[in-house]
Amino acid sequence: MRLTETADVWWKNAVVYCLDIETFFDTDGDGRGDIRGLSQRIDHLAELGVTCLWLMPFYPTPDRDDGYDITDFYGVDSRLGTHGDLVELITLAQDRGMRVIADLVVNHTSDQHPWFQSARASRESPYRDWYVWRDEPPEDADKGIVFPDQEDSLWQYDEQAGQYYLHQFYKHQPDLDIANPEVREEITRILGFWLQLGLSGFRVDAVPFLLETKGSLDAADLPDPHDYLRDLRAFLNRRNGQAVLLGEVNLPYKDTRTFFGDEDGDELTMCFDFIGMQKLYLSLARSEPAELVKALRERPDPPEEAQWGTFVRNHDELTLDKLTEDEKKEVFAAFGPEEDMQLYGRGLRRRLPPMLGNDQARLRMVYSMLFTLPGTPVLFYGEEIGMGENLAADGRNAVRSPMQWTRDPNGGFSTADPDQLAGLVVEGELSPEHVNVADQRRDPDSLLNWIKLLIQRYRECPELSWGKYTILEHESPTVYAQLSEYEGGAVVALHNFSDEPAEVTLALAGTGVGVRVADLLTGKTSEVDNDGTLRHPVGPYGCCWLRVLRPDDRYII
(Lines give C-alpha, C1' and ligand atoms only; values in the text may rest on other atoms or scores of the structure.)
Protein backbone atom coordinates (compact mmCIF):
# COMPACT_ATOMS: atom_id res chain seq x y z
CA MET A 1 0.00 0.00 0.00
CA ARG A 2 1.33 3.40 -0.96
CA LEU A 3 1.65 6.02 1.79
CA THR A 4 -0.75 8.29 -0.10
CA GLU A 5 -3.50 5.74 0.46
CA THR A 6 -3.33 6.03 4.24
CA ALA A 7 -4.77 8.46 6.77
CA ASP A 8 -1.24 9.67 7.54
CA VAL A 9 -1.67 12.13 4.67
CA TRP A 10 -5.25 13.10 5.47
CA TRP A 11 -4.64 16.55 4.04
CA LYS A 12 -4.33 15.11 0.52
CA ASN A 13 -8.11 14.89 0.23
CA ALA A 14 -9.13 17.25 3.04
CA VAL A 15 -11.77 19.95 2.85
CA VAL A 16 -10.39 22.94 4.74
CA TYR A 17 -12.73 25.61 6.17
CA CYS A 18 -11.32 28.93 7.41
CA LEU A 19 -13.21 31.08 9.91
CA ASP A 20 -12.76 33.91 12.38
CA ILE A 21 -14.26 32.94 15.75
CA GLU A 22 -15.35 36.49 16.52
CA THR A 23 -17.59 36.69 13.43
CA PHE A 24 -19.04 33.16 13.51
CA PHE A 25 -21.57 32.86 16.36
CA ASP A 26 -22.07 34.86 19.57
CA THR A 27 -23.50 33.07 22.64
CA ASP A 28 -23.22 35.76 25.32
CA GLY A 29 -24.74 38.71 23.47
CA ASP A 30 -21.68 40.96 23.50
CA GLY A 31 -21.63 41.27 19.69
CA ARG A 32 -18.49 39.17 19.31
CA GLY A 33 -18.44 35.52 18.34
CA ASP A 34 -16.90 33.12 20.82
CA ILE A 35 -15.46 29.62 21.03
CA ARG A 36 -18.61 28.22 22.63
CA GLY A 37 -20.60 29.64 19.73
CA LEU A 38 -18.38 27.81 17.25
CA SER A 39 -18.84 24.63 19.28
CA GLN A 40 -22.61 25.05 19.05
CA ARG A 41 -22.36 25.36 15.27
CA ILE A 42 -19.81 22.59 14.71
CA ASP A 43 -22.50 20.30 13.28
CA HIS A 44 -23.08 22.75 10.43
CA LEU A 45 -19.47 22.18 9.38
CA ALA A 46 -19.75 18.42 9.86
CA GLU A 47 -22.91 18.27 7.71
CA LEU A 48 -21.17 20.36 5.07
CA GLY A 49 -18.37 17.79 4.89
CA VAL A 50 -15.52 19.85 6.35
CA THR A 51 -12.61 17.69 7.51
CA CYS A 52 -10.18 20.40 8.62
CA LEU A 53 -11.13 23.55 10.53
CA TRP A 54 -8.66 26.45 10.20
CA LEU A 55 -9.01 29.04 12.98
CA MET A 56 -7.86 32.58 12.39
CA PRO A 57 -5.98 34.08 15.40
CA PHE A 58 -7.73 33.61 18.74
CA TYR A 59 -4.80 34.81 20.87
CA PRO A 60 -4.87 37.85 23.21
CA THR A 61 -4.61 40.99 21.10
CA PRO A 62 -5.25 44.76 21.06
CA ASP A 63 -7.14 43.84 17.85
CA ARG A 64 -5.70 46.55 15.66
CA ASP A 65 -5.19 44.02 12.82
CA ASP A 66 -8.04 41.54 13.29
CA GLY A 67 -6.04 39.52 15.80
CA TYR A 68 -2.80 39.32 13.81
CA ASP A 69 -1.20 41.64 16.40
CA ILE A 70 -0.60 39.21 19.25
CA THR A 71 0.37 39.88 22.87
CA ASP A 72 0.57 36.26 24.09
CA PHE A 73 1.29 33.32 21.77
CA TYR A 74 0.27 30.84 24.46
CA GLY A 75 -3.04 32.49 25.39
CA VAL A 76 -6.69 32.61 24.34
CA ASP A 77 -8.30 36.03 24.11
CA SER A 78 -10.69 36.27 27.07
CA ARG A 79 -13.32 37.90 24.86
CA LEU A 80 -13.48 34.63 22.88
CA GLY A 81 -13.22 32.11 25.71
CA THR A 82 -10.70 30.02 27.61
CA HIS A 83 -8.21 27.26 26.99
CA GLY A 84 -10.86 24.88 28.29
CA ASP A 85 -13.35 26.13 25.70
CA LEU A 86 -10.76 25.62 22.97
CA VAL A 87 -9.91 22.06 24.06
CA GLU A 88 -13.64 21.28 24.17
CA LEU A 89 -14.01 22.64 20.62
CA ILE A 90 -11.10 20.52 19.37
CA THR A 91 -12.63 17.44 21.02
CA LEU A 92 -16.04 18.10 19.47
CA ALA A 93 -14.42 18.54 16.06
CA GLN A 94 -12.40 15.34 16.39
CA ASP A 95 -15.55 13.45 17.40
CA ARG A 96 -16.94 14.45 14.00
CA GLY A 97 -13.86 13.44 12.04
CA MET A 98 -12.58 17.00 11.80
CA ARG A 99 -9.05 18.15 12.54
CA VAL A 100 -8.29 21.68 13.75
CA ILE A 101 -5.38 23.89 12.68
CA ALA A 102 -4.68 27.48 13.69
CA ASP A 103 -2.86 30.51 12.40
CA LEU A 104 0.81 30.64 13.35
CA VAL A 105 1.70 34.36 13.28
CA VAL A 106 5.30 34.62 14.43
CA ASN A 107 6.84 37.01 11.94
CA HIS A 108 5.98 39.81 14.37
CA THR A 109 4.29 40.60 17.68
CA SER A 110 2.05 43.42 18.84
CA ASP A 111 3.98 46.41 20.15
CA GLN A 112 2.03 45.72 23.37
CA HIS A 113 3.58 42.27 23.76
CA PRO A 114 5.61 41.99 27.02
CA TRP A 115 8.64 40.96 24.97
CA PHE A 116 8.61 44.22 23.04
CA GLN A 117 7.76 46.30 26.08
CA SER A 118 10.84 44.88 27.77
CA ALA A 119 12.97 45.21 24.62
CA ARG A 120 12.20 48.89 24.13
CA ALA A 121 12.80 49.71 27.80
CA SER A 122 16.51 48.84 27.90
CA ARG A 123 19.36 47.75 25.67
CA GLU A 124 20.21 45.30 28.44
CA SER A 125 16.82 43.59 28.22
CA PRO A 126 17.01 39.84 27.46
CA TYR A 127 14.40 40.52 24.75
CA ARG A 128 16.24 43.42 23.07
CA ASP A 129 17.82 41.12 20.48
CA TRP A 130 14.50 39.37 19.82
CA TYR A 131 13.65 42.31 17.56
CA VAL A 132 15.54 44.05 14.76
CA TRP A 133 17.00 47.45 15.70
CA ARG A 134 19.05 50.08 13.86
CA ASP A 135 20.45 53.46 14.89
CA GLU A 136 19.50 54.72 11.44
CA PRO A 137 17.08 53.21 8.90
CA PRO A 138 18.64 51.82 5.69
CA GLU A 139 18.35 53.75 2.44
CA ASP A 140 15.72 51.33 1.09
CA ALA A 141 13.43 51.76 4.11
CA ASP A 142 10.50 52.65 1.86
CA LYS A 143 10.86 49.61 -0.41
CA GLY A 144 8.44 46.67 -0.18
CA ILE A 145 5.79 48.34 1.99
CA VAL A 146 2.82 45.97 2.38
CA PHE A 147 0.25 48.62 3.37
CA PRO A 148 1.09 51.74 1.35
CA ASP A 149 -2.02 53.59 2.50
CA GLN A 150 -0.99 53.22 6.15
CA GLU A 151 2.81 53.16 6.22
CA ASP A 152 5.62 55.06 4.48
CA SER A 153 8.59 53.12 5.87
CA LEU A 154 9.53 49.65 7.10
CA TRP A 155 11.40 51.21 10.02
CA GLN A 156 9.86 53.10 12.95
CA TYR A 157 11.73 55.24 15.47
CA ASP A 158 10.90 54.36 19.06
CA GLU A 159 11.46 57.22 21.52
CA GLN A 160 11.77 54.92 24.51
CA ALA A 161 14.30 52.62 22.83
CA GLY A 162 16.23 55.39 21.10
CA GLN A 163 16.48 53.27 17.94
CA TYR A 164 14.51 52.29 14.85
CA TYR A 165 12.82 48.88 14.73
CA LEU A 166 11.84 46.84 11.65
CA HIS A 167 8.15 46.25 10.88
CA GLN A 168 7.38 44.64 7.53
CA PHE A 169 3.66 45.11 8.23
CA TYR A 170 2.09 47.82 10.43
CA LYS A 171 4.24 49.94 12.75
CA HIS A 172 2.37 48.47 15.72
CA GLN A 173 3.69 45.02 14.67
CA PRO A 174 7.48 44.96 15.26
CA ASP A 175 9.29 42.09 13.53
CA LEU A 176 10.88 39.32 15.50
CA ASP A 177 14.51 38.56 14.58
CA ILE A 178 14.36 35.09 13.05
CA ALA A 179 18.17 35.02 12.94
CA ASN A 180 18.23 34.90 16.74
CA PRO A 181 18.45 31.26 17.96
CA GLU A 182 16.44 32.14 21.08
CA VAL A 183 13.56 33.37 18.92
CA ARG A 184 13.66 30.21 16.83
CA GLU A 185 13.59 28.07 19.96
CA GLU A 186 10.64 30.04 21.33
CA ILE A 187 8.67 29.51 18.13
CA THR A 188 9.30 25.79 18.45
CA ARG A 189 7.94 25.87 22.01
CA ILE A 190 4.82 27.66 20.76
CA LEU A 191 4.21 24.91 18.20
CA GLY A 192 4.74 22.22 20.82
CA PHE A 193 2.31 23.85 23.25
CA TRP A 194 -0.59 23.98 20.80
CA LEU A 195 0.10 20.52 19.40
CA GLN A 196 -0.13 19.19 22.96
CA LEU A 197 -3.55 20.84 23.32
CA GLY A 198 -4.79 18.97 20.25
CA LEU A 199 -4.13 21.07 17.16
CA SER A 200 -3.27 19.13 13.99
CA GLY A 201 -1.03 21.78 12.51
CA PHE A 202 -0.77 25.40 11.52
CA ARG A 203 -1.45 27.78 8.70
CA VAL A 204 1.84 29.67 8.67
CA ASP A 205 1.30 33.38 8.10
CA ALA A 206 3.47 35.30 5.61
CA VAL A 207 6.17 32.62 5.27
CA PRO A 208 8.59 34.60 3.06
CA PHE A 209 8.48 37.47 5.56
CA LEU A 210 9.00 35.06 8.44
CA LEU A 211 12.19 33.74 6.86
CA GLU A 212 13.46 37.17 5.80
CA THR A 213 16.72 38.01 7.59
CA LYS A 214 18.21 40.84 5.56
CA GLY A 215 17.14 43.40 8.17
CA SER A 216 19.07 41.61 10.88
CA LEU A 217 22.69 42.36 11.61
CA ASP A 218 23.00 38.72 12.71
CA ALA A 219 21.76 37.29 9.43
CA ALA A 220 25.13 35.67 8.84
CA ASP A 221 24.26 33.28 11.68
CA LEU A 222 21.48 31.84 9.52
CA PRO A 223 23.00 31.31 6.05
CA ASP A 224 19.98 29.41 4.72
CA PRO A 225 16.62 30.44 6.22
CA HIS A 226 15.08 27.28 4.73
CA ASP A 227 17.16 25.30 7.24
CA TYR A 228 14.94 26.78 9.92
CA LEU A 229 11.78 25.81 8.06
CA ARG A 230 13.15 22.27 7.79
CA ASP A 231 13.82 22.30 11.53
CA LEU A 232 10.21 23.36 12.22
CA ARG A 233 8.86 20.58 10.01
CA ALA A 234 11.16 18.02 11.66
CA PHE A 235 9.96 19.13 15.09
CA LEU A 236 6.35 18.89 13.94
CA ASN A 237 6.92 15.36 12.63
CA ARG A 238 8.49 14.27 15.91
CA ARG A 239 5.57 15.57 17.97
CA ASN A 240 2.79 14.54 15.59
CA GLY A 241 3.61 12.77 12.35
CA GLN A 242 0.22 13.68 10.86
CA ALA A 243 0.40 17.42 11.63
CA VAL A 244 0.67 19.92 8.77
CA LEU A 245 2.21 23.26 7.91
CA LEU A 246 0.01 25.11 5.41
CA GLY A 247 2.03 28.04 4.11
CA GLU A 248 1.00 31.47 2.86
CA VAL A 249 3.60 31.91 0.10
CA ASN A 250 2.58 34.40 -2.56
CA LEU A 251 5.54 34.14 -4.91
CA PRO A 252 6.13 32.99 -8.51
CA TYR A 253 5.78 29.24 -8.93
CA LYS A 254 9.51 28.57 -9.13
CA ASP A 255 10.14 30.38 -5.85
CA THR A 256 7.11 28.90 -4.10
CA ARG A 257 8.26 25.39 -5.03
CA THR A 258 11.37 25.83 -2.86
CA PHE A 259 9.17 26.19 0.24
CA PHE A 260 7.99 22.59 -0.12
CA GLY A 261 11.60 21.52 0.39
CA ASP A 262 13.38 18.73 -1.44
CA GLU A 263 11.75 15.80 -3.23
CA ASP A 264 10.80 14.30 0.14
CA GLY A 265 8.87 17.45 1.03
CA ASP A 266 10.73 18.33 4.23
CA GLU A 267 9.49 21.93 4.63
CA LEU A 268 5.88 23.08 4.16
CA THR A 269 3.25 20.37 3.79
CA MET A 270 1.05 22.58 1.60
CA CYS A 271 1.36 25.94 -0.15
CA PHE A 272 -1.53 28.06 -1.37
CA ASP A 273 -1.74 28.39 -5.15
CA PHE A 274 -2.00 32.18 -5.40
CA ILE A 275 -1.09 32.29 -9.08
CA GLY A 276 -3.72 29.73 -10.07
CA MET A 277 -6.31 31.72 -8.13
CA GLN A 278 -5.41 34.97 -9.89
CA LYS A 279 -5.43 33.33 -13.31
CA LEU A 280 -8.83 31.83 -12.50
CA TYR A 281 -10.27 35.33 -12.06
CA LEU A 282 -8.62 36.53 -15.26
CA SER A 283 -10.16 33.55 -17.05
CA LEU A 284 -13.57 34.33 -15.56
CA ALA A 285 -13.25 37.92 -16.75
CA ARG A 286 -12.49 36.68 -20.28
CA SER A 287 -15.10 33.87 -20.21
CA GLU A 288 -12.53 31.31 -21.32
CA PRO A 289 -10.07 29.20 -19.32
CA ALA A 290 -6.90 29.74 -21.38
CA GLU A 291 -5.00 31.70 -18.70
CA LEU A 292 -5.87 29.19 -15.99
CA VAL A 293 -4.75 26.36 -18.29
CA LYS A 294 -1.46 28.15 -18.89
CA ALA A 295 -0.89 28.59 -15.15
CA LEU A 296 -1.63 24.94 -14.36
CA ARG A 297 0.76 23.79 -17.06
CA GLU A 298 3.48 25.99 -15.59
CA ARG A 299 2.76 24.99 -11.99
CA PRO A 300 5.47 22.63 -10.70
CA ASP A 301 4.46 19.33 -9.19
CA PRO A 302 4.87 19.32 -5.40
CA PRO A 303 6.79 16.50 -3.71
CA GLU A 304 4.77 13.30 -3.36
CA GLU A 305 4.17 14.00 0.34
CA ALA A 306 3.07 17.60 -0.28
CA GLN A 307 0.12 19.35 -1.88
CA TRP A 308 -1.07 22.63 -3.34
CA GLY A 309 -3.92 24.41 -1.55
CA THR A 310 -6.55 25.75 -3.93
CA PHE A 311 -9.03 28.49 -3.08
CA VAL A 312 -11.48 30.98 -4.57
CA ARG A 313 -11.47 33.43 -1.68
CA ASN A 314 -9.54 34.01 1.53
CA HIS A 315 -9.70 36.41 4.48
CA ASP A 316 -7.46 39.10 2.96
CA GLU A 317 -7.92 41.23 -0.11
CA LEU A 318 -8.22 39.12 -3.24
CA THR A 319 -4.72 39.89 -4.47
CA LEU A 320 -4.01 40.28 -8.18
CA ASP A 321 -0.35 41.18 -7.75
CA LYS A 322 0.98 38.47 -10.07
CA LEU A 323 -1.06 39.73 -13.04
CA THR A 324 0.26 42.34 -15.45
CA GLU A 325 -1.15 45.85 -15.15
CA ASP A 326 -3.35 45.31 -18.20
CA GLU A 327 -4.60 41.96 -16.87
CA LYS A 328 -5.31 43.53 -13.48
CA LYS A 329 -7.34 46.26 -15.17
CA GLU A 330 -9.38 43.57 -16.95
CA VAL A 331 -10.26 41.90 -13.67
CA PHE A 332 -11.01 45.23 -11.98
CA ALA A 333 -13.27 46.23 -14.87
CA ALA A 334 -15.15 42.92 -14.71
CA PHE A 335 -15.46 42.43 -10.97
CA GLY A 336 -14.53 45.64 -9.13
CA PRO A 337 -14.96 48.69 -11.34
CA GLU A 338 -15.54 51.13 -8.47
CA GLU A 339 -12.58 52.46 -6.52
CA ASP A 340 -13.95 51.42 -3.12
CA MET A 341 -14.12 47.80 -4.36
CA GLN A 342 -10.33 47.79 -4.78
CA LEU A 343 -7.51 47.82 -2.24
CA TYR A 344 -3.98 49.18 -2.61
CA GLY A 345 -4.41 49.04 -6.39
CA ARG A 346 -3.44 45.36 -6.26
CA GLY A 347 -6.57 43.49 -5.19
CA LEU A 348 -10.31 43.34 -4.58
CA ARG A 349 -12.12 43.55 -1.25
CA ARG A 350 -15.16 41.67 -2.52
CA ARG A 351 -16.63 38.20 -2.28
CA LEU A 352 -17.43 36.08 -5.31
CA PRO A 353 -21.29 36.28 -5.44
CA PRO A 354 -21.53 40.07 -5.89
CA MET A 355 -18.58 39.98 -8.30
CA LEU A 356 -20.57 37.57 -10.49
CA GLY A 357 -23.86 39.46 -10.10
CA ASN A 358 -25.09 36.59 -7.90
CA ASP A 359 -25.43 34.44 -11.04
CA GLN A 360 -26.10 31.06 -9.44
CA ALA A 361 -25.10 28.99 -12.48
CA ARG A 362 -21.75 30.77 -12.71
CA LEU A 363 -21.19 30.50 -8.95
CA ARG A 364 -21.84 26.78 -9.00
CA MET A 365 -19.48 26.29 -11.91
CA VAL A 366 -16.66 28.12 -10.07
CA TYR A 367 -17.06 26.03 -6.91
CA SER A 368 -17.24 22.88 -9.01
CA MET A 369 -13.87 23.97 -10.45
CA LEU A 370 -12.48 24.41 -6.93
CA PHE A 371 -13.26 20.81 -6.00
CA THR A 372 -11.86 19.29 -9.19
CA LEU A 373 -8.68 21.34 -9.62
CA PRO A 374 -5.58 19.41 -8.50
CA GLY A 375 -4.95 20.38 -4.88
CA THR A 376 -6.68 20.56 -1.52
CA PRO A 377 -9.75 22.86 -1.57
CA VAL A 378 -9.98 25.63 1.04
CA LEU A 379 -13.26 27.43 1.80
CA PHE A 380 -13.68 30.77 3.57
CA TYR A 381 -16.65 30.91 5.96
CA GLY A 382 -19.90 31.95 4.30
CA GLU A 383 -18.86 30.77 0.84
CA GLU A 384 -21.11 27.75 1.22
CA ILE A 385 -24.22 29.99 1.26
CA GLY A 386 -23.01 32.72 -1.12
CA MET A 387 -22.37 35.54 1.35
CA GLY A 388 -21.48 38.98 0.02
CA GLU A 389 -19.36 41.81 1.41
CA ASN A 390 -20.06 45.15 3.08
CA LEU A 391 -17.95 47.84 1.44
CA ALA A 392 -18.72 50.25 4.27
CA ALA A 393 -16.23 48.30 6.41
CA ASP A 394 -12.58 49.33 6.41
CA GLY A 395 -10.13 47.61 4.09
CA ARG A 396 -10.05 43.83 4.29
CA ASN A 397 -12.88 43.79 6.84
CA ALA A 398 -15.33 44.20 3.96
CA VAL A 399 -15.31 40.39 3.52
CA ARG A 400 -15.27 39.61 7.25
CA SER A 401 -18.95 40.18 8.00
CA PRO A 402 -20.80 38.14 10.65
CA MET A 403 -21.93 34.69 9.54
CA GLN A 404 -25.54 34.62 8.32
CA TRP A 405 -27.43 31.86 10.12
CA THR A 406 -31.05 32.99 9.86
CA ARG A 407 -33.13 35.85 8.48
CA ASP A 408 -33.44 37.29 12.00
CA PRO A 409 -31.79 40.59 13.04
CA ASN A 410 -27.98 40.42 12.72
CA GLY A 411 -28.46 37.26 10.67
CA GLY A 412 -28.93 35.26 13.87
CA PHE A 413 -25.24 35.84 14.64
CA SER A 414 -25.82 37.84 17.84
CA THR A 415 -28.56 39.41 19.95
CA ALA A 416 -26.47 42.55 20.49
CA ASP A 417 -27.29 45.93 19.02
CA PRO A 418 -25.95 46.28 15.46
CA ASP A 419 -23.42 48.94 16.50
CA GLN A 420 -21.86 46.46 18.96
CA LEU A 421 -21.15 43.72 16.41
CA ALA A 422 -17.63 42.56 15.58
CA GLY A 423 -18.29 43.34 11.91
CA LEU A 424 -20.78 45.03 9.62
CA VAL A 425 -23.67 42.83 8.47
CA VAL A 426 -24.08 42.42 4.70
CA GLU A 427 -26.85 44.57 3.23
CA GLY A 428 -28.94 44.50 0.05
CA GLU A 429 -29.83 41.43 -2.00
CA LEU A 430 -27.23 39.28 -0.21
CA SER A 431 -28.31 40.32 3.31
CA PRO A 432 -29.34 37.67 5.86
CA GLU A 433 -32.96 38.16 4.87
CA HIS A 434 -32.13 36.67 1.47
CA VAL A 435 -29.01 34.56 2.18
CA ASN A 436 -28.76 32.40 5.31
CA VAL A 437 -28.05 28.86 6.45
CA ALA A 438 -31.53 28.06 7.79
CA ASP A 439 -33.36 28.79 4.53
CA GLN A 440 -30.78 27.05 2.37
CA ARG A 441 -30.79 23.89 4.48
CA ARG A 442 -34.47 23.47 3.59
CA ASP A 443 -34.02 24.26 -0.10
CA PRO A 444 -32.72 21.26 -2.08
CA ASP A 445 -31.68 23.58 -4.92
CA SER A 446 -29.68 25.98 -2.71
CA LEU A 447 -26.01 26.78 -3.05
CA LEU A 448 -25.44 25.19 0.37
CA ASN A 449 -26.77 21.85 -0.83
CA TRP A 450 -24.77 22.17 -4.06
CA ILE A 451 -21.55 22.64 -2.06
CA LYS A 452 -22.49 19.64 0.11
CA LEU A 453 -22.90 17.54 -3.05
CA LEU A 454 -19.56 18.71 -4.46
CA ILE A 455 -17.79 17.85 -1.20
CA GLN A 456 -19.42 14.43 -1.05
CA ARG A 457 -18.42 13.61 -4.63
CA TYR A 458 -14.92 14.99 -4.11
CA ARG A 459 -14.40 12.74 -1.12
CA GLU A 460 -15.66 9.78 -3.18
CA CYS A 461 -13.17 10.43 -5.99
CA PRO A 462 -9.58 9.56 -5.02
CA GLU A 463 -8.61 10.42 -8.60
CA LEU A 464 -9.14 14.12 -7.85
CA SER A 465 -6.95 14.28 -4.77
CA TRP A 466 -4.35 11.55 -5.20
CA GLY A 467 -4.30 11.02 -8.95
CA LYS A 468 -2.42 12.39 -11.90
CA TYR A 469 -4.21 15.04 -13.91
CA THR A 470 -4.06 15.86 -17.61
CA ILE A 471 -5.56 18.91 -19.29
CA LEU A 472 -7.42 17.62 -22.35
CA GLU A 473 -7.32 19.25 -25.76
CA HIS A 474 -10.59 19.85 -27.63
CA GLU A 475 -12.30 22.26 -30.00
CA SER A 476 -14.20 24.56 -27.60
CA PRO A 477 -12.22 27.58 -26.30
CA THR A 478 -14.67 28.23 -23.46
CA VAL A 479 -14.50 24.79 -21.80
CA TYR A 480 -11.87 23.56 -19.35
CA ALA A 481 -11.48 19.77 -19.62
CA GLN A 482 -9.39 17.75 -17.19
CA LEU A 483 -8.75 14.02 -16.82
CA SER A 484 -7.78 12.73 -13.37
CA GLU A 485 -6.53 9.13 -13.07
CA TYR A 486 -5.63 6.95 -10.10
CA GLU A 487 -5.12 3.19 -9.86
CA GLY A 488 -7.31 2.36 -12.84
CA GLY A 489 -10.03 4.90 -12.06
CA ALA A 490 -10.64 7.98 -14.22
CA VAL A 491 -12.77 11.12 -13.83
CA VAL A 492 -13.23 13.77 -16.53
CA ALA A 493 -14.24 17.24 -15.31
CA LEU A 494 -15.75 19.74 -17.76
CA HIS A 495 -16.40 23.42 -16.96
CA ASN A 496 -17.86 25.99 -19.34
CA PHE A 497 -16.68 29.55 -18.65
CA SER A 498 -19.23 31.01 -21.08
CA ASP A 499 -22.94 31.82 -20.95
CA GLU A 500 -23.30 30.00 -24.28
CA PRO A 501 -23.71 26.20 -24.56
CA ALA A 502 -20.76 24.21 -25.88
CA GLU A 503 -19.86 20.69 -26.93
CA VAL A 504 -16.49 19.00 -26.63
CA THR A 505 -14.97 16.02 -28.40
CA LEU A 506 -12.43 14.24 -26.22
CA ALA A 507 -10.04 11.39 -26.97
CA LEU A 508 -9.97 9.05 -23.95
CA ALA A 509 -7.01 6.71 -24.26
CA GLY A 510 -7.25 3.11 -23.14
CA THR A 511 -11.01 2.78 -23.52
CA GLY A 512 -12.84 0.22 -25.64
CA VAL A 513 -16.16 -1.50 -26.31
CA GLY A 514 -18.94 -0.91 -23.80
CA VAL A 515 -17.34 2.06 -22.04
CA ARG A 516 -19.65 4.73 -20.61
CA VAL A 517 -19.29 7.90 -18.58
CA ALA A 518 -21.60 8.68 -15.66
CA ASP A 519 -22.07 12.27 -14.52
CA LEU A 520 -21.51 12.18 -10.77
CA LEU A 521 -23.49 15.39 -10.30
CA THR A 522 -26.65 14.30 -12.16
CA GLY A 523 -26.45 10.51 -12.49
CA LYS A 524 -26.88 10.65 -16.29
CA THR A 525 -24.77 8.32 -18.42
CA SER A 526 -23.35 8.69 -21.93
CA GLU A 527 -21.71 6.22 -24.29
CA VAL A 528 -18.07 6.45 -25.36
CA ASP A 529 -17.32 5.46 -28.95
CA ASN A 530 -15.37 2.23 -29.41
CA ASP A 531 -12.35 4.24 -30.54
CA GLY A 532 -12.33 6.16 -27.24
CA THR A 533 -14.01 9.33 -28.53
CA LEU A 534 -16.41 11.09 -26.18
CA ARG A 535 -18.71 13.82 -27.43
CA HIS A 536 -20.36 15.66 -24.60
CA PRO A 537 -22.45 18.85 -24.27
CA VAL A 538 -21.77 21.42 -21.57
CA GLY A 539 -24.49 23.96 -20.83
CA PRO A 540 -24.02 27.69 -20.21
CA TYR A 541 -21.72 27.95 -17.18
CA GLY A 542 -22.18 24.19 -16.99
CA CYS A 543 -20.10 21.62 -15.16
CA CYS A 544 -19.88 17.83 -15.42
CA TRP A 545 -17.94 15.26 -13.38
CA LEU A 546 -17.78 12.20 -15.62
CA ARG A 547 -16.58 8.90 -14.17
CA VAL A 548 -15.31 6.56 -16.87
CA LEU A 549 -17.06 3.21 -16.47
CA ARG A 550 -15.82 0.05 -18.15
CA PRO A 551 -18.06 -3.02 -18.40
CA ASP A 552 -16.44 -4.73 -15.41
CA ASP A 553 -16.32 -1.63 -13.16
CA ARG A 554 -18.22 -1.83 -9.86
CA TYR A 555 -18.43 1.82 -8.87
CA ILE A 556 -21.62 2.98 -7.17
CA ILE A 557 -22.99 6.08 -8.88
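1. Leu520 is found in the loop that runs between strand S19 (516-519) and strand S20 (525-527). The model discussed here is a predicted one. With a relative accessible area of 8%, Leu520 is buried, because buried is taken as under 20% relative accessible area. From Leu520 to Val293 the separation is 227 residues in sequence, and their C-alpha atoms are 23 Å apart in space.

2. Once neighbours within four places in sequence are left aside, the contacts of Asp77 are Phe58, Tyr59, Pro60 and Thr61.

3. On charged pairs, the whole structure contains 36 salt bridges. Side chains of opposite charge can pair when their charged atoms come close. One of the bridges joins the side chains of Arg32 and Glu22, with an N to O distance of 2.4 Å. Arg32 and Glu22 are 10 residues apart, and each sits in the loop between strand S1 (16-19) and helix H1 (35-40). Both Arg32 and Glu22 are buried.

4. Another salt bridge is made by Asp103 and Arg203, whose closest N and O atoms are 2.6 Å apart. This pair links distant parts of the chain: Asp103 belongs to strand S3 (residues 99-104) and Arg203 to strand S7 (residues 201-204), 100 residues apart. Why does Asp103 count as buried? Its relative accessibility is 0%, and the cut-off for buried is under 20%. Arg203 has a relative accessible area of 1% and is therefore buried as well.

5. Arg203 also forms a salt bridge with Asp205, and here the closest N and O atoms are 2.9 Å apart. Both Arg203 and Asp205 are buried.

6. Which residues are linked in a network of salt bridges? The members are Asp66, Asp316, Glu317, Arg346, Arg396 and Arg400.

7. On cysteines, the structure holds zero disulfides. Cys52 is in no disulfide, and the nearest cysteine sulfur to its own is that of Cys18, 10 Å away; a disulfide would need the two sulfur atoms within 2.5 Å. Cys52 has 2% relative accessibility and so counts as buried. Cys461 is likewise in no disulfide, the nearest cysteine sulfur being that of Cys543 at 13 Å. At 1% relative accessibility, Cys461 is also buried.

8. On helix packing, how do helix H5 and helix H7 lie relative to each other, roughly parallel or roughly antiparallel? The axes of H5 (residues 181-196) and H7 (residues 225-239) come within 11 Å and cross at roughly 30°. Angles under 35 degrees count as roughly parallel, and H5 and H7 are therefore roughly parallel to each other. Their crossing is right-handed.

9. The contact between these helices can be listed by residue. H5 contributes Arg184, Ile187, Thr188, Leu191, Gly192 and Leu195. From H7 come Tyr228, Leu232, Phe235, Leu236 and Arg239.

Methods: Residues numbered from 1 in each chain as written. Predicted model: local features only at pLDDT ≥ 70, side-chain atom pairs only at ≥ 80, totals over all residues. Heavy atoms only, no water. Salt bridge = Lys/Arg side-chain N within 4 Å of Asp/Glu carboxyl O. Helix = DSSP H or I, 4+ residues; strand = E, 2+ residues; numbered from the N terminus. Buried < 20%, exposed > 50% of the residue type's maximum accessible area, 1.4 Å probe, protein only. Axes fitted to C-alpha atoms, helices over the stretch in contact; angles between N-to-C directions. Parallel < 35°, antiparallel > 145°, perpendicular 65-115°, else oblique. Left-handed = near helix turned anticlockwise from the far one by under 90°. Contact = heavy atoms within 4.5 Å.
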